Amino acid sequence: MIRLEQLQKSYGGRPALEPFSLEVAAGEVVALVGPNGAGKSTTLRSLAGVVRPSGGRAFIAGHDVVTDGVAARNQVGYLSQRLGVPANTVLRDLAELVARVRGVAPAGALQALTGAGLGDRPGSTVGELSGGQRQRLMIALATLGPVTALLLDEPSISLDAEGSDEVRQAIGEAKRRGTAVLFASHQLHDVALLADRIVVMVQGRMVAQGTLAQLAQAAGVACDAAPPEPPIDRIYRILVSRGRDSAPGTLTLLREDAA
Amino acid sequence: MSHTLSLCRFELEAALRGRTAPIFAAGFGLASVAVALVGLSAGGVLAVQGFARTSVSLLELVVWVVPILALISGAVAGADCHELEFTASLPVRRPAIVFSRWIASTLTLGAALLLGLGAAGMVIGLLAGSADGWRYLRLIGVALLVLAASLALGLWIGVAVRSRLKAVGIAVAVWFVLVIGVDLAAIGALSVLPPGKASVWLSVLLMASPVDAARALGLSLFHADVVAGPTGAALRAVLGQAGAWALTAALLGWTVVPLTLAGRRFSRSDL
């Protein structure tokens, strides 16, 4: 559903993402983890058509994100770390726009607002919402319509415990619908709970990839307990540290290696 | 296409909620009425000019004020395009985002212009009669054309520059060049070139600035070339009867070309 083939991105000659290949199948949830500047957001933004890849290719449901961008984006729900719309945008207008371009009936727009807990405030502007309310709104809009791929950049950021639970539920529902979910997060417990597979990125490179158990094994960390108990924080620190020291192109673990 | 219409509707709703349009309408209404008022007559009574004289007087206001406001509005709207990460991730083409911003700005500011000039027109009509009202309608047409062109130019600047502040600075500099620079070039051309060749170069210069093209078009439509500036003075002789069409085409060109360039530039931009 989501496929990256040697995707790369540079900003002014400075590589932000080194050639990177990945596939996320329908109904699979893959998490991108890594320190700031690892290339997680760049990967998601390239897939969402927000930045143009410098090399390689990426596909959403078989549509090239560059040459067939509109068709690709028609399948994508994207949550940015940035607001991404003017602060004076009225919620109703925004929801109706998303509904219209995704071919959803106008009632779906109001449903999305209601789902975000904002059904009674359709006339409010985005700028009037709290950080958590904005995040809920944008997640509701990202999942509005028949999207087959969901790209979420720090979906739990600025959310309280209840909001984080709602995000986890939304990702779970998307997975059950057969949506391919690729999300970036610093919330490692969310990653442990939600991700079928985890990709560890450091300085624009993928340094490890696999299930939590596979990554734990690669990091040499005992991982007997069921989620959410596995010591993902420790696994993460070991793999990131190892990734920083490794030569470009070195991969700690591939899913195929561990099979 | 339907997605572009959806975007246009979205942008239009946002633009209608902004404060720019009402300020623009009120400003133009007041300025237009002020221009229509003549000084005290010999009897000490304030009188109102008819449409013919008001149109010519207002033309100068239009070609000076509308471009600067539209260039700045367009530049800000263009720079802000780079903040639209969410919109850009929707299944819409990037040029459609630029186009929808342009059309929303053109419609709202155009409506504001119509309201402002229309209010003044009603005052003139009531107090001075409706004779020569067609000149006033043509003035409104010219104002809308130069508004559309200046907005497109401003959008291109904003999309290319990205920073609001820089975009506004460049927009103001461009306005200076368009309202003064091209006239200075015309004066230079007139003084240096022999009369035959000067006419050709003046024609080119009239097309080279949407402001001068609008001024010349207005004068041409009002048959008021007597009041022309350095470039407009040669209008009749240079352009002849086809002049108005050529100038209208130039203004449309000044709209379509920057808008296309802005769309292309935005398509290649990283947000």
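In chain A, 6 strands make up an open sheet with mixed pairing, and their order is 6-7-8-3-9-10. The edges belong to strand 6 (76-79) and strand 10 (205-210) of chain A; each has a single partner strand, so one side of each is left without a neighbour in the sheet. From one strand to the next, the twist averages 15°. As with everything described here, this comes from a predicted model.

At the strand 10 end of this order, strand 9 (residues 197-202) and strand 10 of chain A run antiparallel and are joined by 5 bridges. Within this part of the sheet, V200(A) sits opposite A208(A) of strand 10. Helix 8 (residues 212-219) of chain A packs on the sheet here, touching strand 9 and strand 10 of chain A, with its direction at about 115° to that of strand 10. Helix 9 (residues 232-245) of chain A lies across strand 3 (29-33) as well as strand 9 and strand 10 of chain A, and runs at about 40° to strand 9.

Chain A also has an open sheet of 4 strands, this one with antiparallel pairing and the order 2-1-4-5. Strand 2 (14-24) and strand 5 (63-64) of chain A stand at its edges, and since each has a single partner strand, one side of each is left without a neighbour in the sheet. Further in, strand 1 (residues 2-11) and strand 4 (residues 55-60) of chain A pair in the antiparallel sense over 5 bridges. R3(A), for instance, has F59(A) of strand 4 as its bridge partner.

Turning to chain B, helix 11 (residues 243-268) has 26 residues and spans 37 Å from its first C-alpha to its last, close to the 38 Å expected at 1.5 Å a residue. Buried residues of helix 11 of chain B include G243(B), L247(B), A250(B), L251(B), W254(B) and T255(B). Also buried in this helix are P258(B), L259(B), A262(B), G263(B) and F266(B). As a reminder, an α-helix has 3.6 residues a turn, so residues three or four places apart point the same way.

Finally, the two chains meet in a contact that takes 22 residues from chain A and 20 residues from chain B. On the chain B side, helix 1 (2-17) and helix 4 (85-88) each supply at least two residues. Helix 1 of chain B gives the largest share of that side, 6 residues. Sorted by class, the side of chain B that touches chain A has 9 nonpolar, 7 charged and 4 polar residues.

Key: Residues are numbered from 1 along each chain as its sequence is written. Chains are lettered from A and ligands numbered from 1 in the order in which they are written. This is a predicted model: local features need pLDDT of at least 70, side-chain atom pairs count only at pLDDT 80 or more; totals for chains, interfaces and linings use all residues. Two residues are in contact if their C-beta atoms, placed from the backbone, lie within 7 Å. Ala, Val, Leu, Ile, Met, Phe, Trp, Tyr, Cys and Pro count as nonpolar, Asp, Glu, Lys and Arg as charged, and the others, Gly among them, as polar. The expected span of a helix is 1.5 Å times one less than its number of residues. A residue is buried if 20 or more other C-beta atoms lie within 10 Å of its own, exposed if 12 or fewer, and partly exposed in between; C-beta atoms are placed from the backbone. Two strands pair if DSSP finds at least two bridges between them. Axes are lines fitted to C-alpha atoms, for helices over the stretch in contact, and angles run from 0 to 180 degrees between N-to-C directions.
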